[in-house]
Amino acid sequence: MNILYAASEANPFAKSGGLADVAGSLPKALVKDGIDARVVMPLYGDLKMKDKLTYVTNFSVPVGWRSQYCGLFTAEVSGVTYYFLDNEYYFKRTGLYGFYDDGERFAFFSRAILEMLFHLDYTPDIINCNDWQTGLTPVYLNLYYRHLDKFSKIKTVFTIHNIAYQGKYGLEILEDTCGIGKRDQHIVEYDGCANFMKGAFETADKITTVSPTYAQEILDPWFSYGLDALLRSKQYKLCGILNGIDVETNNPETDPVIAANYTIDSYQDGKAKCKEFIQDQFKLEKDGSPVYGMVSRLVGMKGFDLVKSVAEGLVAEGIQLVILGTGESGYEAFFADLAARHPGRVGAYIGFNSKLAQQIYAGVDVFVMPSKSEPCGLAQMVACRYGTLPIIRETGGLRDSIKDGSVVPGNGFTFAGYSAHELYDACMRAKKAYETPEKWDELVKYAMNVDFSWDNSAKSYEGLYNEVVDLW
Ligand code: GLC
């Protein structure tokens, strides 16, 4: 089976969030299972490993009434073929998104994915699109390519990684920029706007999201950012499959950046060294206190208003805190200030640093992730792999991956209500367990034993792909 995985970012070439991790590891797992999975993404100005790319050809892509140049490059990493779509006017910029013309940039990308197929000796059975940046691909496929032999049987799957970002623009961009005339605008129009994600919901053969719980949650207005009614009407084609993580790169036994390597049998020594390293990095006292860590974008969705409410209380209880991330200035200032007021007890790194992030996963005792909503979340899985117990709120993929270990064995600590009291209680339960070494040992081993590799989830995708291929 041929799967073309279309994404606006993919490891190891470009990353702004979890989508890149998934696009960099799911296709690899599919290839291992004998599927011809390939990835297509934009050729960004600051793409990594550019020297690995080979030029294939170039062609024109319709953008409204205009025609734009598109270069096609390719590379192979871990058995997966990547295609890069090049247009310097759209993509040679610093950063991936957040530009005034993102709508046009990704309308171009969505259409270039289809145009590319004319120039390849490869026809996908399924194009698996991801998030709003590729939302127009199934729309264009149905409107403008279906009648052609090469395209007549191609099915589409659309995966939602975060429903908060829908690609919403004024209706006026549809005709001039996207090339979708008045007759067809209803496909993409929602709530008075052009909505790329809505277009994908209408036209894709299946809609998936990144955890079973999130697939349920987005039918509810609290989670759906306005799309619940529409999704309820599409429920027949909606399902959730939990993401996996790359267990080769996230492996405490071989990870080259952590202070000491360890396995489940040697974790006590190894983690103790990694913890010392982190305490040194953040100039924390080495007095046997538990260290709780966070690595995250500092945004409301991640539950930082709860963390703000409990932070002083945790410090007063003798818990050390370590935070790495960037985001809303209010949170950045809060954590910088907290660290300044509690030297030796709190450390904050306001910035992005993937090496230090990995060292935190390995070096802290507890990983805090109290998200308001979390489609899947990968950090809690990485934490478990490194023997660090997560505290999570029971939402989305957090709920599907972490089982509370306060009473019976589990791989973390969980709470249900979005409340600072519940978070605080979970933090105290974690502290109590930390102070009971046999209990802690049992939980850490339990967590390290959970299989978060893609093995299971890739099988679920394969099942879904088989079902989609046979749909019509
Ligand atoms: C988005 C979601 C996150 C998920 C990731 C990969 O970043 O916010 O929860 O883990 O996509 O699917």
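Buried here means under 20% relative accessible area, exposed over 50%, and partly exposed in between, with a 1.4 Å probe and protein chains only. This is a predicted model, where local features need pLDDT of at least 70, side-chain atom pairs count only at pLDDT 80 or more, and totals for chains, interfaces and linings use all residues. Residues are numbered from 1 along each chain as its sequence is written, and side-chain values use heavy atoms, leaving out hydrogens and water.

**View 1. Strand E6 (residues 126-130) is mostly covered.** Five of its five residues are buried (strands, E, are DSSP runs of at least two residues and helices, H or I, of at least four, numbered from the N terminus). In a regular strand, side chains alternate between the two faces of the sheet. Ile126, Asn128 and Asn130 sit on one side of E6, Ile127 and Cys129 on the other, and all are buried.

**View 2. E6 has parallel partners in E1 and E7.** Strands pair if DSSP finds at least two bridges between them. Four bridges join E6 to E1 (residues 2-6), with Ile3 opposite Ile126. Five bridges link E6 to E7 (residues 155-160), and Ile127 stands opposite Thr156. From E6 the chain crosses through helix H4 (residues 136-145) to E7, a right-handed β-α-β crossover (clockwise from the first strand over the helix to the second, with the strands pointing away from the viewer).
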